[in-house]
Amino acid sequence: MPVISDPEGRLFRMNRVSQISFDNYTPAGDVAVVAICLVMVILLLTSYVSRTRSFRIFANILVSLVIAALVNIVYHALLSNYTLGFRLWIYITRVLYEAMLYGVFFLFALYSIEITGLERRQARFVSVLSTLLFIGVIAIDIIRTLAGTGFRLAEDGSVLRSTNVYLIGYGLFVILLAALLYRVHDRLFRRVMYGVYGTMAVSVLLRFGQLALGSSSLTTMTFVFPVIAMLYIFHSVPYNITLGSVDVHAMEDMVRQMHSRGADFVFLSLLIPEFDQEGKELPAEIRAVVRRYSADFFKGAFLFQIGNGHVVLVVSKHRNPDFEERIQRILASFWKEYQHFQKPFKIVVGESIDEISRKNEYASLIRSVERIMDENTVHRITPEDIDCFNREEYILRELTDICHRRDLEDPRVLAYCQPVFNLKTGRFDTAEALMRLRLEETGLVFPDQFIPIAESHGFIHILTEIILHKTCSAIRRLSDEGFAISRISVNVSVLELKDESFCGDISRIIESNRVPGEKLAIELTESNSEADFMIMQAKIQELRAKGLQFYLDDFGTGYSNMERIMELPFDIIKFDRSMVMASAEDERSEKIVENLAHMFADMEYSVLYEGVETDHDEQRCRGMSASYLQGYKYSRPIPIERLRDFLSKVG
């Protein structure tokens, strides 16, 4: 009976015609490796995974493991059935098996470089070192075999090997990978590091544990554990199992892939605003409809969720050449379903556009179009929409720069104002500060164009700081020139109140401009959120202590809770233009507005009517408990420097 050994150099005897020895090696471990890798491939094919460079390396690792497992089975089968004609194949399969495992180590190193974003110089060093180690250990093993000092088969079938080069290479690669991961540990989330180190530790322990037991059945399996960790930690893009969708990052990845291949696609976006809020989700009956649509109407469609109540269906034109007909069918079916759930919606339909694909901005384009859409409508993307979106993107870039600079004198932010007529004094002594942008490519930009963008991207507070600073500067100049000015109000977004530094920022700007607090007022719009109400109440109390007054803006539009209004210490209630218009419709409407205003006046609130445009408007508002009047009858918004044209000198 000849003496043979496995790739690790353990010697054992077996009959030349016997089956594989189950005392030292069984193919079960390698068969399990192939099965596990196939399961991972199935999961990758039936889920959405970003096709990044790191994923391509991951796929190559799977292929290498499958090849290594199959080669190892063949290698041991040849050993267990040794004949003279198998000698060359035993040498080839042994070298190939070890080369595939070293190749997996090499790919592990490349993968680590990719996911950690290692600097170019360091990445090049690790790549070169890994390549040299990969080539070196294989070359040394082959040379030693050819020289008769390494692995070899005697004429009688005896297999002999001295120093185990494979184990040395294994240890060196483990040290290299451990050192690399430690070098970049501050770049990765701690739990991720624990996951990676933990699976590596299990693999190494199992590797040397089976060596101590004189077995080699699980050698390939030890490489699978880190691969499972990679799949779970780095490549899992889980479906929303009740909706069948993946997230917006997956959509961006799909657009990137399709654009790189020159593949055209169609997208359909559904927004149900009522549920597109934090803490909410689409109800079960709507999820069922969306889930069915994503599977039944198109071939190979992918559904992406870009908001709690916002989904986008992306469809390949190549796989759906009759996409126009299919779009009409899905819209007709949706209208039927709408009769059941009756929730306001917005649907946007469009085709891939090279300019937008290149910038990968479909989610932003869709939201831009939705902002100007009416509810319960379907809108098809047009070239005009693209122009509007590009304008918004330019405004966003400018707002981003304004925010980063934090220059309170930024010349792109203009301070405008609209004079307010005080009925008690019979003169203009207050005003509302308004904001405009003047940008190089667009000229003058109005608030309805840039305020929603600023709010959605977190830039609104710096704009408020700038306009407050410029308003304070104007008040100081006008006061120094001897003009009688009671105060100027500045609009503030409820979103800003959530910032812990809000009151401190406001106070700092007022104090730095040496303006008394009573010369400033803040206009707020009521919110229907309990959390917003509590925050608003606290911030108003804090700033009132510094002399600031507060206006309730836009009373009569949207949400108005009288109990909440009574609990907030407002000084002035601003009746929206819609209330002025409603009071002119009929006697009943006028009575309602008049009684509301009278009630506020009796409770010692001042009432300001905005949107006064005619003498008739003015006369009617004077009879409805007005304290202040504002509107085009007196002045359109003007640069704040021109406010002196409306003010009187003191005395």
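## A hairpin to start with

Let's begin with a pair of leucines: L303 stands opposite L313 in β8. Keep in mind as you look around that this is a predicted model. Strands β7 and β8 form a hairpin, with 2 residues between them. The two run antiparallel and are joined by 5 bridges.

On to another partner of β7: 2 bridges tie β5 to β7, and this pair runs parallel. Here V246 has F304 in β7 as its bridge partner. How many of the 6 residues of β7 are buried? The count is 5, so β7 is largely enclosed by the rest of the structure.

## The sheet around the hairpin

Zoom out and you find an open sheet of 6 strands with mixed pairing, in the order β5-β7-β8-β6-β9-β10. At the edges stand β5 (246-247) and β10 (377-380); each has a single partner strand, so one side of each is left without a neighbour in the sheet. Elsewhere in the order, β6 (residues 265-271) and β9 (residues 346-351) run antiparallel and share 6 bridges.

Helix α8 (residues 248-261) lies across β5, β6, β7 (302-307) and β8 (310-316), and it runs at about 130° to β7. Helix α12 (residues 362-371) lies across β6, β7, β8, β9 and β10, running at about 50° to β6.

## Two helix pairs

Helix α3 (residues 87-116) and helix α4 (residues 120-146) meet at an angle of about 170°, and their axes are 10 Å apart. An angle over 145 degrees counts as roughly antiparallel, and α3 and α4 are therefore roughly antiparallel to each other. On the α3 side, the contact includes Y91, R94, Y102 and F106, while the α4 side brings in residues including F134, V137, I138 and D141.

The other pair is helix α9 (residues 284-296) with helix α10 (residues 323-341), whose axes come within 11 Å and cross at roughly 170°. These two are therefore roughly antiparallel to each other as well. Which residues meet here? From α9 come I286, V289, R292 and Y293, and from α10 come I330, S333, F334, E337 and F341.

The buried residues of α18 are D532, F533, M536, K539, I540 and L543. Seen down the helix axis, they fall within an arc of 140°, so they line one face of α18. What do they pack against? The list is α16 (494-497), α17 (502-512), β16 (520-525), β17 (549-555) and α19 (562-567).

## A strand covered on both faces

From that list, β17 leads us to a further strand: 3 bridges join β17 to β18, and the two run parallel. F555 pairs with F575 in β18. Strand β18 (residues 572-575) has both faces covered, with I572 and K574 buried on one side and I573 and F575 buried on the other.

β18 also pairs with strand β19 (residues 606-610), in the parallel sense, over 4 bridges. In that pairing, I573 has V607 in β19 as its bridge partner.

Note on methods
Residues numbered from 1 in each chain as written. Predicted model: local features only at pLDDT ≥ 70, side-chain atom pairs only at ≥ 80, totals over all residues. Heavy atoms only, no water. Buried < 20%, exposed > 50% of the residue type's maximum accessible area, 1.4 Å probe, protein only. Arc of directions from axis to C-beta. Contact = heavy atoms within 4.5 Å. Pairing = 2+ DSSP bridges. Axes fitted to C-alpha atoms, helices over the stretch in contact; angles between N-to-C directions. Parallel < 35°, antiparallel > 145°, perpendicular 65-115°, else oblique.
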